[in-house]
Structure formats: structure tokens, C-alpha cells
Amino acid sequence: MESDVGDISNMRNASKDVAVVVRDIVTRLAGEPGALLPILHAVQDALGHVPAAAVPEIAHALNLTRAEVHGVVTYYHHFRSQPPGRCVVQVCRAEACQAMGAEALLAHVQQRLGCAVHATSADGAWSLEPVYCLGLCASSPAVMVGDALHARVTPQRFDALVAHPVPTA
Ligand code: FES
């Protein structure tokens, strides 16, 4: 019973934190032209995703409807409505990496992590995202595991990289 109370208290604190973070970001950025995308980026950078609870606050500040804000969040694959896995893996699918086997590598990554693109593994360990150029075109294919960039990644090298993952900050 005590742990239920603790869980509810933690959930309240978490939603309070979300509200504080979102309010701070909205206050800072709402006056800028085209503020919606910068706000959504800032919220996701701060919280790891754009929680549903953030939408009304953002909509109110920008004089938009909740549906309009929600529509932008769901339109761009970059934005997540749910928290990501503990480590986010990004596989480059742009031209130079594709020419060096990125699609086969991506198929391997999906199998190795047990999750599809734009999804999180069932155990919450991994999220997998495509990315379109990581700036390592001359050393493709490129992959980002957590906050670390890796060049010339083969399936075997990828397996070694994720054997000891560093959580995404
Ligand atoms: S195309 Fe993949 S890093 Fe530039």
C-alpha cells in the first residue's frame, strides 16, 4: 500500500516537473516568430519526448488549438509522444550511407535491438530512429548510439557497440 502512495506521489511530482519545464520553455520562446517548432524541440530536448500534458500549455501560449499542436507533434517523426528507450540508436539513411550498405545495416539493427524504426523495444532498452546525415558521409555508414557517433559501422561492429550501451543523456 505504501508503495502505491509513493508511486502516486512520484507521478504527481513528475507531472509537476513537466509543467514547470514546459512553462519555462514557453515563456522563453513563445514571443519568437514561428515559435511552435523551437518550443517542441526544446521540450523534447528537456524531457526526451513531448508529453500530452505539454500540448494544452503550448497551444494556449501560441493561440493555437490543441489539435493543431498535436497535429505538428504527430506529423514530424522526430517528435516522440512517449518517452524513448534508455538508449536511442540513430542509423543514417541518407545517400552516402545508403551507397555503403545502410539499409542492410538497418535491417540488422532492427533484428539485434528487437524493435522497428520509430519504435522502442519491449524491454524499454532501445529506441531506433532513422536520421538523414550525421556528417560522416566520407566514413559511411554512420550510426549514433546514445550520444556517441560511429563511422564505418558493420553489423559485427554494431553488435560490439551495443554490447555495453551508454544511456542517452
Ligand atoms: S549520408 Fe550518412 S553521414 Fe552523411
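## A pair in the sheet

Methionine 144 stands opposite leucine 149, a residue of strand 5. That is a handy place to start looking around this model, which is a predicted one. Strand 5 is joined to strand 4 (residues 143-145) by 3 bridges, and the two strands run antiparallel.

As a reminder, strands of a sheet pair through backbone hydrogen bonds, either parallel or antiparallel.

## The chain as a whole

How many helices and strands does the protein chain have? The secondary structure comes to 7 helices and 5 strands. If you walk along the sequence, these elements come in the pattern α-α-α-α-β-α-α-β-β-β-β-α.

Of the 169 residues in the protein chain, 37% are buried. The accessible surface amounts to about 9,800 Å², and carbon and sulfur atoms account for 57% of it. Contacts across the sequence are worth a look too: among those between residues at least 6 apart, 58% join residues at least 24 apart.

Serine 127 sits in strand 3 (residues 126-131). Is this residue buried or exposed? Serine 127 counts as buried because its relative accessibility is 1%, and the cut-off for buried is under 20%.

The side chain of serine 127 makes a polar contact, at 2.7 Å, with the side chain of threonine 120. Leaving aside residues up to four places away in sequence, serine 127 touches Pro84, Gly85, Cys87, Val88, Val89, Ala119 and Thr120.

## Salt bridges

The whole structure holds 5 salt bridges. In one of them, the side chains of glutamate 57 and arginine 23 meet at 3.1 Å, N to O. This pair links distant parts of the chain, with glutamate 57 in helix 3 (residues 54-62) and arginine 23 in helix 1 (residues 2-29), 34 residues apart. Glutamate 57 counts as partly exposed because its relative accessibility is 24%. Arginine 23 is also partly exposed, with a relative accessible area of 45%.

Glutamate 129 forms a salt bridge with arginine 80, and their closest N and O atoms are 3.7 Å apart. Here too the pair links distant parts of the chain: glutamate 129 belongs to strand 3, while arginine 80 lies in the loop between helix 4 (66-75) and strand 1 (87-92), 49 residues apart. Why does glutamate 129 count as buried? The reason is its relative accessibility of 10%, as the label applies under 20%. Arginine 80 is buried as well, with a relative accessible area of 18%.

Another bridge involves arginine 93 and glutamate 103, whose closest N and O atoms are 2.9 Å apart. Arginine 93 counts as partly exposed at 24% relative accessibility. Glutamate 103 is partly exposed, with a relative accessible area of 31%.

## Out at the surface

Which residues make the nonpolar surface patch of about 330 Å²? The patch is made by Leu37, Tyr75 and Tyr76. Leucine 37 lies in helix 2 (residues 36-47), and with a relative accessibility of 33% this leucine counts as partly exposed.

Glycine 34 is in the loop between helix 1 and helix 2. Its relative accessible area is 62%, so glycine 34 is exposed, the cut-off for that label being over 50%. Glycine 34 and leucine 62 are 28 residues apart along the chain, and their C-alpha atoms are separated by 9.6 Å.

Notes
Residues numbered from 1 in each chain as written. Predicted model: local features only at pLDDT ≥ 70, side-chain atom pairs only at ≥ 80, totals over all residues. Heavy atoms only, no water. Helix = DSSP H or I, 4+ residues; strand = E, 2+ residues; numbered from the N terminus. Buried < 20%, exposed > 50% of the residue type's maximum accessible area, 1.4 Å probe, protein only. Polar contact = N/O pair within 3.5 Å; in protein donor to acceptor, adjacent residues only side chain to side chain. Contact = heavy atoms within 4.5 Å. Patch = residues over 30% accessible without salt bridge, like charges linked within 9 Å, V, L, I, M, F, W, Y side chains within 5 Å. Areas by Shrake-Rupley, 256 points an atom, 1.4 Å probe, with all protein chains shown as cover. Salt bridge = Lys/Arg side-chain N within 4 Å of Asp/Glu carboxyl O. Pairing = 2+ DSSP bridges.
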